[in-house]
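Trainee: I have this one open and would like to go through it. Where do we start?

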Amino acid sequence: MKRGHEADEAEDGQVAVDLVKQALANQHPYDCILLDWEMPVMKGPDAAKCIRKDLCCDTFIGGVTGNVLPADVAYFKQCGANWVFPKPIRLPDLEAVWTEYGLIGGGGNASDCTHDTSIATKSSGDTPPMGRP
């Protein structure tokens, strides 16, 4: 990935949940999780809900959707997303939110960008995998 970001990519929402579960069990949680709304097997909002409630994971979750109606954004956030990005997601927009939340840059616990890890899901190919900023 550009600018030193590394990524794990999940082909569907259930795989994303499984990867998060495994990372938590190995005591190497992700720093960011991107979930596309339209994923096979388990949709993004459902995966976010599972990650928050079943796994008790507080990692930053970014929802990604082509449908940015206020009700849809609110629903994704209600399910556990910290932020919702419109498609196609742009790396500068993502990095700005990461900086705002203290995941990279001038603040937070993850200012050493070489150690951050993230996961992203894919659906139609317009959501880039994310990773270690």
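Mentor: With a term: contact means heavy atoms within 4.5 Å. This is a predicted model, where local features need pLDDT of at least 70 and side-chain atom pairs count only at pLDDT 80 or more, while totals for chains, interfaces and linings use all residues. Residues are numbered from 1 along each chain as its sequence is written, and side-chain values use heavy atoms, with hydrogens and water left out.

Trainee: OK. Leaving aside neighbours within four places in sequence, what is Ile51 in contact with?

Mentor: Ile51 is in contact with Val17, Val20, Ile33, Leu35, Cys56, Cys57 and Ile61, once neighbours within four places in sequence are left aside.

Trainee: And which residues touch the most other members of the largest nonpolar core?

Mentor: Val17, Val20, Ile33, Leu35, Ile51, Ile61 and Phe76 do, out of 22 residues in that core. A nonpolar core is a set of buried Ala, Val, Leu, Ile, Met, Phe, Trp, Tyr and Cys residues joined through side-chain atoms within 4.5 Å. Buried means under 20% relative accessible area, exposed over 50%, and partly exposed in between, with a 1.4 Å probe and protein chains only.

Trainee: Which elements give two or more residues to this core?

Mentor: Helix H1 (13–25), strand E2 (32–36), helix H2 (44–53) and helix H3 (70–78). Helices (H or I, at least four residues) and strands (E, at least two) are DSSP runs, numbered from the N terminus. There is also a second, separate core of twelve residues, which includes Val64, Phe85, Ile89 and Ile104.

Trainee: How do the elements run from the N terminus on?

Mentor: β-α-β-α-β-α-β-α-β, with four helices and five strands. The protein has 133 residues, of which 46% are buried. Among contacts with a separation of 6 or more, 62% are between residues 24 or more positions apart.

Trainee: Back to H3. Which of its residues are buried?

Mentor: Asp72, Val73 and Phe76. Seen down the axis of H3, these buried residues fall within an arc of 100°, so they line one face of the helix; the arc is that of the directions from the helix axis to the C-beta atoms. They pack against E2, H2, E3 (60–65) and strand E4 (83–86). The face turned away from the buried side carries the exposed residues Pro70, Ala71 and Gln78.

Trainee: Switching to rings. How many aromatic pairs are there?

Mentor: Five. Rings of Phe, Tyr and Trp (its six-membered ring) pair if their centres lie within 6.5 Å; planes under 30 degrees apart count as stacked, over 60 as edge-to-face and the rest as tilted. Trp37 is in the loop between E2 and H2 and Phe76 in H3, so the pair ties together parts that are 39 residues apart in sequence. Phe76 is buried at 0% relative accessibility, and Trp37 is buried at 17%. Phe60 and Tyr101 form an edge-to-face pair too, at 5.0 Å centre to centre and 65° between the planes.

Trainee: Is Tyr101 buried, exposed or partly exposed, and what about Phe60?

Mentor: Tyr101 is partly exposed, with a relative accessible area of 36%, whereas Phe60 counts as buried at 5%. Phe60, Trp83, Phe85 and Tyr101 form one aromatic cluster.

Trainee: What lies over the face of Trp83?

Mentor: Lys77, at 5.7 Å from the ring centre. The criterion is NZ of Lys or CZ of Arg within 6 Å of the ring centre and within 35 degrees of the ring normal.
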